[in-house]
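I opened my notebook and went looking for pockets and a sheet. Here is what I wrote down as I went.

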Amino acid sequence: MTPHPSLPAEVRLDLYRTMVLIRTYEEAILGEYHADKSPGFDIGAGLIPGEMHLSAGQEPVAAGICAHLSADDAVTAAHRPHHLAIAHGVDLRPMTAEIFGRTTGLGRGRGGHMHLFDPATHFSCSGIVAEGLPPALGQGFAFQQRGSDRVAVAVAGEGAANQGAFHEALNLAALWKLPVVFVIEDNDWGISVPRDASTSVPSNAERAAAYGMPGARVEGNAVEEVWEAAGLAVERAREGGGPTLLEVHTLRLWGHFEGDAQAYRPGLDVVADQDPIPVYRDELLAAEVLTPADDARIREAAGGRVADAIAYAKESPVPAAADALDYVFVEGARS
Amino acid sequence: MTTLDEAGIAAEPDPGTRKLSTAKAIQEAIAGEMRTSDDVFVMGEDVGSYGGIFSSTTGLIDEFGPGRIRDTPISETAFIGMGIGAAVEGMRPIIELMFVDFFGVCMDQIYNHMAKIHFFSGGNVRVPMVLMTATGGGYSDGGQHSQSLWGTFAHLPGMKVVVPSTPYDAKGLMTAAIRSDDPVVYMFHKGVMGLPWMKKNPRSIGPVPQQRYEVPIGKARVAREGKDVTIVTLSLSVHHALDVAENLAGEGIDVEVIDLRSVVPLDRETIQASVAKTRRLIVVDEDYESFGLSGEVIASMTIADPTLCSYAARVCVPDVPLPYARDLEYAVLPTPARIELAVREAVS
Ligand SMILES: Cc1ncc(C[n+]2csc(CCOP(=O)(O)OP(=O)(O)O)c2C)c(N)n1
């Protein structure tokens, strides 16, 4: 990767810190998820039941993009939301409590890991592929109408870019010059289907041309390159220049969901060598931006925050069955 | 279908003793029909080398190859619409969309096209396609992955809606669905598939005949005979109802359980005959309560004969999305405990 001399050391360290925090978090969730699902993997058992989609390998996308955002900007994620939520600054405690299905969770235990909604950071996600993109248009529209320079970032996988909602959203955002940045995380796989078996063009960045917006693709899963490309896209949106489509060629280190044996995916061992976090750490060490002692401190700090969030979640109460009918409407409409 | 081996169309044979999971029974039905007709093919997300997320197509790609067991992009409007077009040309597509919850993105193709073409053409064009999908909750997958929604499809005219509860029915109904000249929505509950990574339901593995056979679509099954209360239900709830019935038998409460097997057509005669005997009707439905199957069953019994039922009740998902947290989810699902309570109230 080419170094970015323009990138201040503090920014580089922040990018690294964010990536480490995400990975530390997801490794801890992974441990909790599997801890009580044996003997014999049972998806519905344990403290964290249901499907679990983790984003190990995709940290550069979240860190590089969210570094340009504040809590006033909106982020919509897909079914693989944790890296983006963390990078965007969603409070780890209520987020974790939601994943554990507790009353202190972002959704008071109603939503779970695929349905995280945080009004404080304008963060949301969706378990329905590509359907998180159109709402980002509306958030961008609200920002535009109100004369602010806030932006909405809509993130989806390369599989999602074949869905109707993606194409409709791009057209409309470009037509109305909405302050939206579309981000495609191309991790090569849509569950078991490889990109070249699902997508008619090698790069989704090319598709941007069809909608009259700039498209860019970042190869190599390098966080600083994502940071640079995202900076341009976010700035353009803030300045009223309209949407950009940014695709990052990233990496799904683990299965589509936990429990996915990935028999369809040969050569998995090669993937581990490309883990972007050790790659970036070595680079920062070589550039003397990071010392081994700093690294240890960063990891320790991340470990502390994650342990705190998990302890908080575990200590929080589970919702009472008697409250199962709450929150369908703001005001009661049930007959 | 002229390509079919007529001898293979056995009316329901004896189940024999060979046991299969529901998932395996579905695969066997598809393979059996694919062997007899080149017009039958499968298309959907992760149906190929993955074998279907709920194992509905495991191993089929090995026998039939990626040409006839086709993985699609995540382009539901396109590939479901494509199934319609192929069916209009006389092919027999089996299209899978993983979870019923995902159909919102492509509903137009389903309810305005797949379901209406036969009608619009004055009966001249047929759409012999099967749309297959997974339903149901109970494992904390949240409100976008746990719904049942058969009532939605049943409400919109023009498609048959089939919902097996046993491996035997799963095979016979799938065979009938593939052979049907109508569009059939085939909905299997994840909890009856016999998947190794889900809580085991002992009845998700059961006897299945080797040969090809049809279970006729539209004929309910009396899963258990009884004289005190009729439970009308389908899918996983059939097993809950049978468990409850067995428990209560010891107390002298005799429950009849009707497994609908299909929502469209709805076998009102079988329900009516049962209620005429027991006089008490309980509908158990893992779909939402209002404006759905339970209301339809109760209304049609009352209309058929206002004096038929002395008692009617329903155990459904109250009108709330499926919550994630386990205690909340089980508070709204039609659990055996809720069903048992409903039966006790009915006979008290
Ligand atoms: C409308 C819809 N169709 C199908 C699915 C099932 N599904 C969930 S994730 C997924 C693959 C998504 O691939 P991609 O967009 O590349 O994201 P990734 O999982 O690689 O992050 C599929 C098919 C869904 N959730 N919603």
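I sorted the lining of the second largest pocket by class and got nine nonpolar, five polar and three charged residues. (Ala, Val, Leu, Ile, Met, Phe, Trp, Tyr, Cys and Pro count as nonpolar, Asp, Glu, Lys and Arg as charged, and the others, Gly among them, as polar.) A pocket here is an open set of points on a 1 Å grid over the protein atoms alone, where a 1.4 Å probe fits, with protein on both sides within 12 Å along at least five of seven lines; lining residues have an atom within 4 Å of a point.

I noted that this is a predicted model, where local features need pLDDT of at least 70 and side-chain atom pairs 80 or more, while totals for chains, interfaces and linings use all residues. Residues are numbered from 1 along each chain, chains are lettered from A, and side-chain values use heavy atoms without hydrogens or water.

Which residues lie nearest the centre of the second largest pocket? I found A:Arg110, A:Gly111, A:His115, A:Phe117 and B:Pro321.

**Then the sheet**

I traced an open sheet in chain B with strand order 11-13-12-15-16 and mixed pairing. (Strands are DSSP runs of E, at least two residues, and helices are runs of H or I, at least four, numbered from the N terminus; two strands pair if DSSP finds at least two bridges between them.) Strands 11 and 16 of chain B are at the edges with a single partner each, so one side of each has no neighbour in the sheet.

I saw that strands 15 and 16 of chain B run parallel, joined by six bridges. B:Val283 has B:Arg314 as its bridge partner in strand 16 of chain B.
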